[in-house]
Amino acid sequence: FCFIDYTLIQPPFAVDDAIFINGKGEIYSRSDPRECPSPKQELPDTVMGSRMVTLWVTEYMLNTAGWAYQDSGFLQYNLTNKDIPSVVPIKLNTNYFKFFVPELHQVYPDQDMVLWIEVTKPVFFHI
C-alpha cells in the first residue's frame with residue numbers, strides 16, 4: 001500500500017561525538033505518491049546524551065503515514081459476523097437491529113449485514 005522515502009535531504013556530516021544522516025522519512029501511497037499537505041518540520045541538530053543511535057520521529061513523518069494510508073484506501077474494512085467473537089451478544093443481522101431501524105428489518109427480514117468502516121479524512125498526529 002505504501003512506501004517510505006529515505007532519500008538523504010543533505011549530505012551526512014560529523015560533529016565532535018556524532019554523525020548525522022538526515023533522511024527524508026516521508027511515507028507515500030504506492031498508487032498515488034503525492035506530497036502530504038501537512039507542514040514539514042526541521043529535525044533537531046543535537047545528540048541525545050551518550051546514546052549510540054538517535055532516531056527522530058516528527059509529527060510530519062507520522063502525518064505522511066496517515067495521509068498515505070488513508071489515500072491508498074488501506075484504512076477501510078468490511079465488518080461481518082465472522083469478525084465478531086461468539087461471546088459478544090451483538091450480531092450483524094437485521095433481526096438484531098429491527099428496534100433501531102425497523103424499516104431495514106421490514107425490507108430485509110433476517111438478513112446478515114456488513115458494516116462498512118472507512119476513514120474519510122487523513123489521520124493527523126500532534127506530538
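Me: Why is Cys 2 called buried?

Reply: This is a predicted model, and in it Cys 2 has a relative accessible area of 13%. Buried means under 20%, so Cys 2 gets that label.

Me: What makes Cys 36 buried or exposed?

Reply: Its relative accessible area is 8%. The cut-off for buried is under 20%, so Cys 36 is buried.

Me: Switching to aromatics: how many aromatic pairs are there?

Reply: The structure holds 6. One case is Tyr 96 with Phe 97: the ring centres are 5.3 Å apart and the planes meet at 75°. Pairing asks for centres within 6.5 Å, and planes over 60 degrees apart count as edge-to-face, so that's what this pair is called. Ring pairs also link Phe 1, Tyr 69 and Phe 74 into a cluster.

Me: Why do Tyr 96 and Phe 97 count as partly exposed?

Reply: Tyr 96 has 33% relative accessibility, while Phe 97 has 21%. Buried is under 20% and exposed is over 50%, so Tyr 96 lands in between, and so does Phe 97.

Me: Which residues form the nonpolar patch on the surface?

Reply: Ile 90, Tyr 96, Phe 99, Phe 100 and Val 101, with about 540 Å² of accessible area together. Patch members need over 30% relative accessible area, and Val 101 has 36%, which also makes it partly exposed. Val 101 is in the loop between strand E5 (76-79) and H2.

Me: What stands out about the phi of Asp 110?

Reply: Its phi is near 50°, a positive value in a residue other than glycine. Most residues other than glycine have a negative phi. Asp 110 is in the loop between helix H2 (102-107) and strand E6 (115-118).

Me: Last one: what does Glu 59 touch beyond its sequence neighbours?

Reply: Leaving out residues up to four places away, Glu 59 touches Gln 41, Phe 125, His 126 and Ile 127. Phe 125 is 66 residues from Glu 59 in sequence, yet their C-alphas are 5.9 Å apart. Glu 59 itself is in helix H1 (residues 59-71).

Methods. Residues are numbered from 1 along each chain as its sequence is written. This is a predicted model: local features need pLDDT of at least 70, side-chain atom pairs count only at pLDDT 80 or more; totals for chains, interfaces and linings use all residues. Side-chain values use heavy atoms; hydrogens and water are left out. Helices (H or I, at least four residues) and strands (E, at least two) are DSSP runs, numbered from the N terminus. Contact means heavy atoms within 4.5 Å. Buried means under 20% relative accessible area, exposed over 50%, partly exposed in between (1.4 Å probe, protein chains only). Rings of Phe, Tyr and Trp (its six-membered ring) pair if their centres lie within 6.5 Å; planes under 30 degrees apart count as stacked, over 60 as edge-to-face and the rest as tilted. Patches are made of residues with over 30% relative accessible area and no salt bridge: like charges are joined within 9 Å, nonpolar side chains (Val, Leu, Ile, Met, Phe, Trp, Tyr) within 5 Å. Accessible areas come from the Shrake-Rupley method with a 1.4 Å probe; for residues, only the protein chains shown count as cover. A salt bridge is a side-chain nitrogen of Lys or Arg within 4 Å of a carboxyl oxygen of Asp or Glu.
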